Structures are given as structure tokens and as C-alpha cells.
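Hi everyone, thanks for making the time.

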Amino acid sequence: MDVIKVAFFVLVFPGFLFQFMMAAVLEWMDRKLYARMQNRVGPLYTGQGGFLQPVADLVKLFAKEDLTPYAADKLMFALMPLVSLAAVCASGLLVPLWVIQPYTSFPGDIIVDAYLLAIPSFALFLAGWFSSSPFSLIGASRVLTQMFAYEVPFFLALLTPAVIAGSWQIATIMAFPWWEGPWWSVLLRAIGQTMALGVAITCLQAKLERVPFDIPEAETEVVAGPLTEYSGKKYGIFRLQKNILMYTGAALVAAVFLPSFPMVKLFGEFAGPVFAGLWLLVKTLFVVGILSVIRASFGRIRIDQIVVFSWKYLAPLSLLQFLVVLVLKAQGVVHP
Amino acid sequence: MDKDTIWIPVGPQHPFLKEAAQFDFDIRGEEIVGARYQLGYNHRGMEKACEDRNYYQCLYLLERICGICSHSHTTAFSMAVEQILNLEVPKRGEYLRSLVCELERLHSHLLWIGVAAHEVGFDSLFMLVWRDREIVMELLESITGNRVNYAINTIGGVRRDITDEQRTKVLAMVKDLEKRMEYYAHIGTNEPTFVARIKGVGVLPPEKAKAMCSVGPFARASGLDLDIRRDDPYGAYPDLEFKVITDTNCDILGRVIVRVLELLESCSMIRQMLENLPEGDIAVKKVPRKVPEGFALARYEAPRGEDCHYVRANGTDKPDRVKVRAPTMANLEAAVESVIGSYVADIPIAIASIDPCFSCTDRTTVVLNDVNRGRQVMTWEDLRKKGIEFYRKEVGISLS
Amino acid sequence: MSKIGAFIPEMLRNLTKKPATRMYPFEAVAVPEGYRGVPRFVYEKCVGCQLCVKDCTAEAIEIVQVTEPAPPPPAEGEAAPKVPKKWRMVLYVDRCIHCARCAEVCARNAIDMDERFELAGFDHESLKETTGPESK
Amino acid sequence: MNIADYPKAIQEAFPGKEVVQTRPRRFWIDLQPEELRGAVQVVKEKFGIFHLSTICGEDMRDHILANYFFGGKVCITLRVHMDHKNPTVPTLADLIPGAIPYERELRDMFGVDPVGNPDPRRATLPEDWPAGVYPLRKDCRPPRAGEPWPTVEVKTDEKA
């Protein structure tokens, strides 16, 4: 019985099938918002309001011819899409859709999640490196350079709520009663959290390689960067991986930074987890909406500019808010 | 080339190139240390083809040199032929020609701003600018009968008159558009991610621009005070009041500023022309089909710069030689040189900053079978057969 | 001075605006007056001077005489009745560049431009249009 | 300088040459190839016209003509007449670097050798274009619609 439960957990909910659905929904929402902000209509004809367009795109890609370059390392070239997909799907399992999740919720899962989210970038780098084309090589080196720029601020930002809650478990961080304590302590915590949220969302945008940080895949400069040689199924898997990454990354940010409510206490044993899950999804949509606005309002910056931006502004900012939180903690105002 | 240097080919097919051309860059890390270009992918043999066609056929053939500055090429060509024929185009005809020319400049510069934004990944600006460009395109369609190849010129004048209704429509459009352009000027010079990509990139010092014979907004952004409309006036321009916009930034920011300010200048010129539109004929009534022997050079300020047409007539109804020098040809060498020393990421925007149009630049080729190398020109049918055969043999899919 | 996020207000404003996209293939687009479509041939007016053929840049026009069976020989002592020549135009729409030079050069106004613009076909043959009197 | 003063000044600057004026702002001067560089210096220094608009080659049947258009407020055209057999012209690459692409085009299209041009590559023709075929000369005639495409047996130009 347990095997079936685990299989359901991994493959259906909140595993692959659910993540696939969320990826499709979020991509549709992102594309629609992006289009409307540019005064266009966006996807329109597949399903109601183009709702099925992401799925249709994926089906089309899977039906297309799959080419492997002659000079590429065949094994790594084929393996990298799967590795990155596996990593993001695993990280999706860690997102607590209800309060305490069986099998995957354990103390320290936020660290594991952060590392799992870093694997796709490495996979992308290796994919570009082993496809042996000049554009792929440039793209691969850009992936790595960019990763050094955003990864450290992202980790520092994720630490803030963990330090406030005094736990390395996402579910515990979510359950932290943020409304308790004197008003100024709540306010200070909120300021620290907001700064961390800004840093985290910026870094998430860089992790997802979207404008203004789509430097590795800059279409007009290096064709598609590391993915230049990919086509058909392998490219489809990379695309799917990117969309699932958008869901898991946004869900992680939404879970640890945006306020949660004790749903179980409010709505009871049965309805509580359902409401908790729905609330998390609403927060995820909100984060993706912000990501879309960022994507629409900026141009792409250069690789040297993102390194400068990240180490001049993002890293000091994340250090600063971390310091604020540590001081608050030492003064004993964090724990009510 | 040492072993640290990678050679990257950009083109003939590359997402940033809207037309085919080959650029080779030697890069070390992200820095460019060498650049070359090779043209010829868009050769269509137009100069040669003109020698086999009569003047009217040439006129509409030359209109197809380029989809953006189609009016420039026909105006320059008909100006050259009119010079040989000693025709005096009626004032109203001149005004209408210049009106379409300025409208074309509006849509060309708006197109360029959109393309430049797209090259640096600023797709929202690209979409909004092109949305507003559509207004100009529709006006041109209603005035001339087509969106792209206006075909309003004929030798000795223009073919269509403008109605009062269209006149008020153009004036209203100009008023709306001016407001939008001021907004784009604000965004183009203030949005930090956009400015960071264009400031100090692709620098072309004035001396170099002078030596490389640059033309148009590209040269004016380097501080060269060149404008055929003022230096060698034609059409309605002697009667109009306008400033020649120059900028001393010498980089892509300067080119954006020059183009945006030229848009506003064009708007004011359109208003002047429509308000003082003279009455009378729009074209010379009787134009001889045979052009007497002679030669003429017409210079014309196209949206991208100076457009030169040289025509030699030999007394028949066909020209003996037509030479077209499009502005991109003059600017390309300088643009490619200005990239050296900047980053790989700057290639698209630096090349695009001259508003390149390779169709304008290339014009001749004939495909011949080369027997010595055993290479043969493949027909479409042969290629298709070969593809089907390949798939049957190698992949095991039957496509037929 | 540069301002971070100078474009965000415009983006958010656009969310409430109606999209500028036109649903073209599903909703018809009206062409303006005087649009240059495809040459339309009025064969009653044509005198077969071939000027349009000469001036067509794309060599897309052919004007051919309609061959008709010879009229019955006239009766004795009568002059042969004058049979006007009839012309037929073969237009290769795939070559036509829609410059309207043929309409402009025609002295008899036998050609004008219609307003068609959705011209496509799977082969050259389907884009060949013949207008003129039916040959008997 | 006023537009009206130009004819006299140009005639003075090129003594012994016939200056043809077709329009108020168009001047045409016939030269031999070896006089070209001196004339360019005069145009640059005396009239301050640094802008070479373009170079236009022409096949005049009995000889080859290259027009150098210098465009400022007036357009001075230097017309260089060359032999049909072995046309050569001194390069302007050191005086006006912007002339390099035009000279390459001239070489491709008319077989005129710009002696001293630093760029030996083809300008616009494909790399396997047969050597010795110059498309814009009058003896090279492209096929019209309906005619078969020609197959020429020539040695491929290896240096390109």
C-alpha cells in the first residue's frame, strides 16, 4: 500500500503530473500578462483564451525531429535535459502544499531545495559545453558566470526567514506566527522580509534566465546560448524544466517570504490543509505576476553589468538585511 | 589568431540579422578583437537588370531594392532621369514627393527604434513602438495605395493627389505621434537597463566617421554636420525650415537621440508642407519615353543617409547604366570597425545602429554552374527528391 | 538622470487597455480607397496596343488576340463586314508587383486595379488568371 | 564659398582640364588614372570635400570609366578613363579609407584593379564565382525569363 502511496506522491500529486499542470498554467499566465502589458493579445486559439497553448507547444516540440550534432558528446547531450528535469521535479516535491508533507518534509529541507534549484544551471552549463558549438560555449560560460553572480545573494535571502523562524524546515518557517510580538518588532521583521523578498525575486529572475537577466540565452546575441544545438524532445524537456522551475522557485519564495495563516487552526483538520495549499498557489501566482512585470519593463543587461549589479547592490543588500535580522534575534525581539 | 581567440560566425543566418550577411568576429573571452564582413547574400542583379528594361520598368524595379526606403530609391532615380530630360517637376508634385519622403522617414526611424530595443532584449518598447508605427503605415497606405511599395513616383512628378480629408488625417496623426515620440525619447534616454546597453558602446569618433565617409544619422551622431536636404536641396526642402540634428555622444545613445529628434523634426516638416501645399499640377503632362544621351547624379537624403543614383542614358528607352549606392554600403565598414574592443553582447546593437539594410547594399549576381568543382545548382525539385531519399535511407521514414 | 523602472507605469496602464491586435484572418480587414490590388481587365475597351505588356516590370501580362472562326465569306458585291479584333489578357498574379503601371499607361482605360489582396496558391498555374471573351 | 563661385574656382583648380557643368551643383572632370590621386588631394584640400559618395564603374564599350563622386555642397565627379584590356587605377585607401569597399566592388564588377587596395577579398560576388567574368561589363548578359541558365567552363578563382 505504501508503495502505491509513494508512487502517487511522486508521480501525480504533488509530483510530476501536478507540477506539469502548474507549469502549463503559469506559462500561460506569464505569456498572457506579458502580451497584455505590450498591448497584444497573447495566446488565443488553443483552448479557452489560449489556455492549452503551452501544452500544444510541448506536444509540437516532442513531435519534431531530434538532432544530435556530430561533434557533441552523445551521452551528456542526451542526459542533461533529464538531469535538470529530475532536479526541478524533486525540488517541487519539497514545497509544502499542505502544512506538514509526508516523506519529504524534514529539518533542513530548505537547504536541499536551494541546492536542487541550483542543479538546472549546472546541467545547462554542461549541456552547452558538450554540444561543441561556438554559441553553446559562449552561452555555457555565461551561464556559469551569471550563476556566481546570483546564487550567493539568493542563499542569503533564503536564510532570513529561516533565521527568524529558527528552523531549517520550510513547513516550520511557514507556520511561524509572524503576527505575534510588539508592533515594532513585527514591522522590523516585515522590513527585513521585504528586502529579502526583493533580493530573492531578482535572483529568481536571474535563475530562470528571463529578461533582464536572459544573458545566457540572449536570442539576438548567441542564438539560444547553451540550447543552440538542442531540438525536438530534448529541447522540449529543457523547456518543460524551465517552466517547472518557475513554479517551484516561485512557490519556494512565496512559501518562505509571503505571510501564511494557521489554516488548520482556522478551518479544521480536513479543510485546513486544502485552504493552505490554495493560499500557497495564490501567493505563487502573485510572485509569477511580479516576475512577468519585471520581464516586460526592462531590457537585457550585459554579463559584466549583472556581475557588477549583483556584487555591488544585491549582495550588500542581502548581507544588510541578514545583519538586521541577526541583531533583532540577539536582542530577543524575534521570538515573541 | 592565437589559441585564446575563438572565431564566431554571425550570419548568414542569425537571429539578430533581419537579412542575410556574413560577419566574422574574433573574440577573446567576451571581448571582440577582430571583425570582418562579407556581403553578397542578397544579390539580385538589379543594376544589370535595369540595363535590359525601360525607364518605367526600372522605376518600379528599383522600388523593390528595399522594403523600408522604397520611396527613396524611386525618388532618386526619377530625379536623375528628370535631370537628363531637363524636366521641371511642378511644385505640388515636389511637395507630395517630399511629404511621402518624410512619412517614410517617420516609419523608418520608428522601425529602427523598435529593432534597436529588440536587439538589447527590450521587447516591450519594440512592441509599443511598432504599434505606433502602424498608424504611419496605414496613412501611407491610404495616401499611396500600398503599405510598403508606395509607387507614388513617376518620372516627372507623382501619380496621386492628396485629398483634403487625407490632409486633415495626416495632420491629426502628426499631433498624436509627436506626443508618443516625446514619451519614447524619455524612455530611450532614461530607462537604466536600456541606457546601460547603449551608452559608450560602438563609439565612432568624428575623425573616423569623416574618413570612412559615413552618412546619415550615423554620421550626424558622431558630430558630422551632413544633410543632403540642406547641402544639396531638392524637392520641397528649399522652402522648409528645419534643423539638422547632430549629437556629440558618438555612441549608440547619440544615434538614438538623433533619430528621435529627427522624428520630431519630420513631424514639423510634414505640418509645414501640408499647410503650404501649392495648387497646380502634380506631374509633367508629356514625358518622352526615349531619354536623350546624357548622365546625371541624384543625391537624396534617405532615412538611413545619403542615397546616390547615377544614370547614364544612351538615347533609347533603356538606360545604359544605373548605379545605386545605398546608405548602408557607406556605413557598414565604419560600424563593423566600431565594434572592435567592445563585448560580444554589443554586436547586435552596434551593427543595428546604422539601420542596416543589406538588400539595399547588394544588388548583383547570376548563378552559374561551376563545372570545375563539380558543384551544381540544385533545383527545388531535385532538393526535395534528395531530402525524401535521405530520410528513406537514413531514418527509415517514408515522406513521399 | 536614469530612473529605475521608468517603464513600469506604462506597462501596468496597458493591462487595462484594449489590445491593439487585429484578429486578422478571422475578422476581415478593410482596404483604403484607392488600394492597388490586382489589375482588372475590361476587354471591351482594349485595342491591343501592348503598352501594358511593354511597361510591366515583372513581365506578368500577356495580351493575346482571341482567335475566332473566320466569318462567312461576304456575298457578292458587298464589302466584308468589319469584325472588331478581340483581346484576352493572361495575368500571372504570382509575378505581378501591383505597381499599377499598366493601369496608368493604358490609353483606353481598359485596365484598373481591384481591391484583392489575399492572393496565394499552391502552384503557379493556380495564380494564372485569364480574362477576355470566350473563344467560340 | 557661394554656389555661384564654384565653377570658376574648380576651373582654376584643374588647369588645362575641361570642366563640364550639367547642373548648378554638378561638375564633371575627365582624368587619366595617374592623375587621380593628385586630383583627390585638390578636391579634399581646396574645396574641403572629404566625402566620397561612391565609385561607379561603367563599361563604355571602347574603354572603362570609373566615376568618383565627391559630394559636399556641390558634387565634383572625377571621371577616370581606363583601358579595356587591363584596367588599373591607383587606390585611394590611404587618402580616404572609406573608398575600400567601393574599390572592391569595382574590382568584382568590372575587373578594374585598384593597385594598392589592402583588402584582397571579394566584395559582393560569391567565393566560387568564376575568375575573369565581370557581371556589369556589357559582354556579360544574364539570361532572361525562359532562357536556360548558362554553364560556363572556367577555372575557379582560388585566391578568393
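So, at what angle do helix 8 and helix 12 of chain A pack, and how far apart are their axes? Before I answer, keep in mind that what you're looking at is a predicted model.

Okay, the helices. In general, two packed helices are described by the angle between their axes and the distance between the axes. Here, helix 8, residues 183-207 of chain A, packs against helix 12, residues 303-330 of chain A, at about 150°, and the axes are 10 Å apart. An angle over 145 degrees counts as roughly antiparallel, so helix 8 of chain A is roughly antiparallel to helix 12 of chain A. The crossing between helix 8 and helix 12 of chain A is left-handed.

Who's actually meeting whom? On the helix 8 side of chain A you'll find, among others, Leu188(A), Gly192(A), Met195(A) and Val199(A). Across from them, helix 12 of chain A brings in residues including Ile306(A), Leu314(A), Gln321(A) and Leu328(A). Sorted by class, that contact between helix 8 and helix 12 of chain A has 11 nonpolar, 4 polar and 1 charged residues.

Staying in chain A for a moment, have a look at Glu27(A), which sits in helix 2, residues 16-37 of chain A. Is Glu27(A) buried or exposed? Buried takes 20 or more other C-beta atoms within 10 Å, and Glu27(A) has 24 such neighbours inside 10 Å, so it counts as buried. Setting aside anything within four places in sequence, Glu27(A) is in contact with Pro54(A) and Asn243(A).

Let's move over to chain B. Three strands there form an open sheet in the order 6-7-8, with antiparallel pairing. Strand 6 (294-302) and strand 8 (319-325) of chain B are the edges, each pairing on one side only. Going from one strand to the next, the twist averages 10°.

Gln272(B) has 17 other C-beta atoms within 10 Å, so it comes out as partly exposed. Beyond residues up to four places away in sequence, Gln272(B) touches Leu240(B) and Glu241(B).

Now, how do the chains meet? There are 5 pairs of chains in contact, and chains B and D share the most contacts. Chains A and D, on the other hand, don't touch, with their nearest C-alpha atoms 24 Å apart. Between chains C and B, the contact takes 19 residues from chain C and 20 residues from chain B. The chain C side of that contact divides into 10 nonpolar, 4 polar and 5 charged residues.

Last stop, chain D. This chain has 3 helices and 8 strands, running α-β-β-α-β-β-β-β-α-β-β from the N terminus. Of the 160 residues of chain D, 37% count as buried.

Technical notes. Residues are numbered from 1 along each chain as its sequence is written. Chains are lettered from A and ligands numbered from 1 in the order in which they are written. This is a predicted model: local features need pLDDT of at least 70, side-chain atom pairs count only at pLDDT 80 or more; totals for chains, interfaces and linings use all residues. Axes are lines fitted to C-alpha atoms, for helices over the stretch in contact, and angles run from 0 to 180 degrees between N-to-C directions. Helices (H or I, at least four residues) and strands (E, at least two) are DSSP runs, numbered from the N terminus. Angles under 35 degrees count as roughly parallel, over 145 as roughly antiparallel, 65 to 115 as roughly perpendicular and the rest as oblique. A crossing is left-handed if the near helix is turned anticlockwise from the far one by less than a right angle, and right-handed if clockwise. Two residues are in contact if their C-beta atoms, placed from the backbone, lie within 7 Å. Ala, Val, Leu, Ile, Met, Phe, Trp, Tyr, Cys and Pro count as nonpolar, Asp, Glu, Lys and Arg as charged, and the others, Gly among them, as polar. Two strands pair if DSSP finds at least two bridges between them. A residue is buried if 20 or more other C-beta atoms lie within 10 Å of its own, exposed if 12 or fewer, and partly exposed in between; C-beta atoms are placed from the backbone.
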